[in-house]
Amino acid sequence: VDPDSSTDSFSGNASILDAYGQVNVADSFSLRLGNFRAPLLQSALMDRNRTLFIDRSVLGSTFANRTAGAMAYGDFEMVGWYLAVQNGVDGLADDYQFTGRITIDILGEGAGAMNEGAYNAGEETNLMIGAAFSDDGSLDNGTIITGEAYLATGPFSLAAEVADFDSDFALFGDSTPWAATGSFMITEAYEIGLRYQDLDDTDNTNLISGVLAWYHDDWNTKWQLQYSTADSDNDMLDSD
């Protein structure tokens, strides 16, 4: 069951998630063919056991759905690149979704590539920035532009992500939602985090989440205590 999919969550139905074949053409060049997530944001590509919060960000959950296609990707020292062609919102019809993404490790070996937060990020300062562009051919106005940054230094971490949606998207049409996250390692095993999200919708909806994570056995066993609240001009969207 995919915890990020609104159609599968809590339904009790099993579904195939990542299912692909992959070949490493060279040290900095790989090919993938099958069912996988579009390379739009690191918060969507990250495995669920590596997330600081119990849930992904709204943008991370939005882009975490898998579709069939092909992708070439690799890295050249501090620069990572991704080019993907996948089925778009029209499924198996003729039009496709094209996605390109680039990441740059500004400092250290980058941050956010393996996990959210500061846990196991190392003592040196690590900084990664990224940007992506996607166009869905089945929509007249179907482009998405994303940007992100991850910083980890000692016990602290900071992260930010933003996406600009064109007008034809049903959920975020003509909007620019964003999220910002900060965390602090209290001890080597305990981390606290705070996340703010602005959905940039007509109801002025924003979400705030706080979490305490206890890493009992690295990422293999982890306890999380989280509180989230949503504030909106639409009373139906208010929640705690």
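Mentor: Ile186 has a relative accessible area of 47%, so Ile186 is partly exposed. Keep in mind that this is a predicted model.

Trainee: Where is Ile186 found?

Mentor: In the loop between strand 9 (178-185) and strand 10.

Trainee: Which residues make the nonpolar surface patch with Ile186?

Mentor: Tyr190, Ile192, Leu212 and Leu225. Together with Ile186 they make a patch of about 450 Å².

Trainee: Now charges. Which residues form the negative surface patch?

Mentor: Five aspartates: Asp231, Asp233, Asp235, Asp238 and Asp240.

Trainee: Take Asp238. Where does Asp238 lie?

Mentor: In the segment after strand 12, and that strand covers 221-231.

Trainee: Why does Asp238 count as partly exposed?

Mentor: Because its relative accessibility is 33%. The partly exposed class sits between under 20% for buried and over 50% for exposed.

Trainee: Let's go to Arg195. Buried or exposed?

Mentor: Buried. Arg195 has 2% relative accessibility, so it falls in that class.

Trainee: Which strand does Arg195 lie in?

Mentor: Strand 10, residues 190-198.

Trainee: And what does Arg195 touch?

Mentor: Leaving out residues up to four places away in sequence, Arg195 touches Phe53, Asp55, Arg56 and Ser57, among others. Further along the chain, its contacts include Ala180, Thr181, Leu207, Ile208, Ser209 and Gln226.

Trainee: How many residues apart in sequence are Arg195 and Thr181?

Mentor: They are 14 residues apart in sequence. In space, their C-alpha atoms are 4.3 Å apart.

Trainee: Where is Glu77 placed?

Mentor: Glu77 is in the loop between strand 3 (66-76) and strand 4 (79-87).

Trainee: Is Glu77 buried or exposed?

Mentor: Exposed, because its relative accessibility is 79%.

Trainee: Which loop is the place of Asp200?

Mentor: The one between strand 10 and strand 11 (206-217). Asp200 is partly exposed, because its relative accessible area is 37%.

Notes: Residues are numbered from 1 along each chain as its sequence is written. This is a predicted model: local features need pLDDT of at least 70, side-chain atom pairs count only at pLDDT 80 or more; totals for chains, interfaces and linings use all residues. Side-chain values use heavy atoms; hydrogens and water are left out. Patches are made of residues with over 30% relative accessible area and no salt bridge: like charges are joined within 9 Å, nonpolar side chains (Val, Leu, Ile, Met, Phe, Trp, Tyr) within 5 Å. Accessible areas come from the Shrake-Rupley method with a 1.4 Å probe; for residues, only the protein chains shown count as cover. A salt bridge is a side-chain nitrogen of Lys or Arg within 4 Å of a carboxyl oxygen of Asp or Glu. Lys and Arg count as positive and Asp and Glu as negative; His and the chain ends are not counted. The place of a charge is taken as NZ of Lys, CZ of Arg, CG of Asp or CD of Glu. Helices (H or I, at least four residues) and strands (E, at least two) are DSSP runs, numbered from the N terminus. Buried means under 20% relative accessible area, exposed over 50%, partly exposed in between (1.4 Å probe, protein chains only). Contact means heavy atoms within 4.5 Å.
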